[in-house]
Amino acid sequence: PPPRFMTPDPAAPSPSSLARHRQNWQRKVRRCITKVRQGSEDWCEAQSEGLRAANRLANDLVLLKAFLLQSQSAVGGLEKSGGGELSGLRDAAVEKLRRRARIEAREVERAHEKLGQCLEVLTAGARDLKVGDTLAPLDEAAVRRLRAEQSVYWTLTPNSYLKKVEGVVRCYEKEYEAKTTVLSFLNDTVDALQSENIVPNDDLEDKLKVQLVAWMLEPELDLVSLQDLEDTFALEKGLCKQY
């Protein structure tokens with residue numbers, strides 16, 4: 001009988017060529033899924049690191065606002081109550097908060113760099129499925145046909161896996177762009193607050209909250225598609241072993 005999904009013709013690949021092709025794609029899909037899994041897990045860790053640093057930054061900006069807005073008389077009374085030991089308290093606190101804000105912004109930036117590395121791993125997974133088949137003696141036309149018609153494990157073809165993986169990578173790319181926007185806002189804010197003439201206000205606080213929520217909720221990520229990829233791979237691989 002002819003190979004599954006293939007129309008018989010004189011130039012059709014031999015059964016051994018079809019088997020080698022299928023085994024080769026099983027290896028490629030396994031490597032791809034491993035990279036997608038690793039990239040997504042590391043992304044979660046980097047996202048949490050960035051969120052913690054961004055929250056600390058937000059809290060320090062609120063404290064900075066409080067120090068900058070309180071009256072000189074109130075601060076002066078506190079400084080005098082310490083018998084001179086608290087002299088310069090306000091200026092020291094403000095400087096420390098500005099310094100910490102710079103440090104926390106750099107921590108968010110490092111988390112963002114890790115997210116970029118995670119995205120590279122995810123992209124490498126998709127690239128594994130795009131690399132041409134080097135198994136001889138199949139010609140290019142036969143390879144294209146097999147990518148579209150021959151199942152890797154049970155029903156999904158190489159092209160079907162590639163479509164699913166590309167969908168996952170695409171949403172991570174969009175989320176990375178969104179986080180780049182958040183990072184840019186935080187850096188601009190911290191840079192502006194180094195000036196003596198800039199005081200945080202309610203509008204800045206509101207904008208900062210929006211950016212923190214955007215970082216935390218990750219609206220561009222489609223975790224359903226990621227889970228679907230994992231579940232489909234596990235199911236198909238299990239069926240292949242079972243039958």
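**Inside a helical chain**

Q: Which residues does His112 touch, leaving out residues up to four places away in sequence?
A: This is a predicted model. Contact here means heavy atoms within 4.5 Å. Not counting residues up to four places away in sequence, His112 touches Tyr176, Lys179, Thr180 and Leu183.

Q: Does His112 count as buried or exposed?
A: His112 lies in helix H3. The cut-off for buried is under 20% relative accessible area. His112 has 8% relative accessibility, so His112 counts as buried.

Q: Which kinds of element does the chain have, and how many?
A: Read the chain from the N terminus on. The elements run α-α-α-α-α-α-α. There are zero strands, and the helices number seven.

Q: How do helices H1 and H6 run relative to each other?
A: H1 spans residues 15-69 and H6 spans residues 202-217. Their axes come within 10 Å and cross at roughly 170°. Angles over 145 degrees count as roughly antiparallel. H1 and H6 are therefore roughly antiparallel.

Q: How do the residues of the contact of H1 with H6 divide into nonpolar, polar and charged?
A: H1 brings residues including Leu51, Ala54 and Leu61 to the contact. H6 brings residues including Leu208, Leu212 and Trp215. The residues of this contact divide into nine nonpolar, three polar and three charged.

Q: Which residues is Leu186 in contact with, leaving aside its neighbours within four places in sequence?
A: In soluble globular proteins, nonpolar side chains tend to be buried together. With neighbours within four places set aside, Leu186 is in contact with Ala54, Leu57, Val108 and Leu208.

Q: Does Asp128 count as buried or exposed?
A: Asp128 is found in helix H3. Leaving aside its neighbours within four places in sequence, Asp128 is in contact with Lys28, Arg31, Cys32 and Lys35. The relative accessibility of Asp128 is 13%, so Asp128 counts as buried.

Q: How far apart are the C-alpha atoms of Glu109 and Lys179?
A: Glu109 is found in helix H3. Glu109 is partly exposed, because its relative accessible area is 32%. Leaving aside neighbours within four places in sequence, Glu109 is in contact with Leu183 and Asn187. Glu109 and Lys179 are 70 residues apart along the chain, yet their C-alpha atoms are separated by 10.0 Å.

Q: What is the phi of Glu218 near?
A: Glu218 sits in the loop between H6 and H7. Its relative accessible area is 14%, so Glu218 is buried. Most residues other than glycine have a negative phi. The phi of Glu218 is positive, near 50°.

Q: What share of the residues in the chain is buried?
A: The chain exposes about 13,500 Å², and carbon and sulfur atoms supply 54% of it. The chain has 243 residues. Buried residues make up 40%.

Q: What share of the contacts with a separation of 6 or more joins residues 24 or more positions apart?
A: Take the contacts in the chain with a separation of 6 or more. Among these, residues 24 or more positions apart account for 84%.

Definitions and conventions:
Residues are numbered from 1 along each chain as its sequence is written. This is a predicted model: local features need pLDDT of at least 70, side-chain atom pairs count only at pLDDT 80 or more; totals for chains, interfaces and linings use all residues. Side-chain values use heavy atoms; hydrogens and water are left out. Axes are lines fitted to C-alpha atoms, for helices over the stretch in contact, and angles run from 0 to 180 degrees between N-to-C directions. Helices (H or I, at least four residues) and strands (E, at least two) are DSSP runs, numbered from the N terminus. Angles under 35 degrees count as roughly parallel, over 145 as roughly antiparallel, 65 to 115 as roughly perpendicular and the rest as oblique. Ala, Val, Leu, Ile, Met, Phe, Trp, Tyr, Cys and Pro count as nonpolar, Asp, Glu, Lys and Arg as charged, and the others, Gly among them, as polar. Buried means under 20% relative accessible area, exposed over 50%, partly exposed in between (1.4 Å probe, protein chains only). Accessible areas come from the Shrake-Rupley method with a 1.4 Å probe; for residues, only the protein chains shown count as cover.
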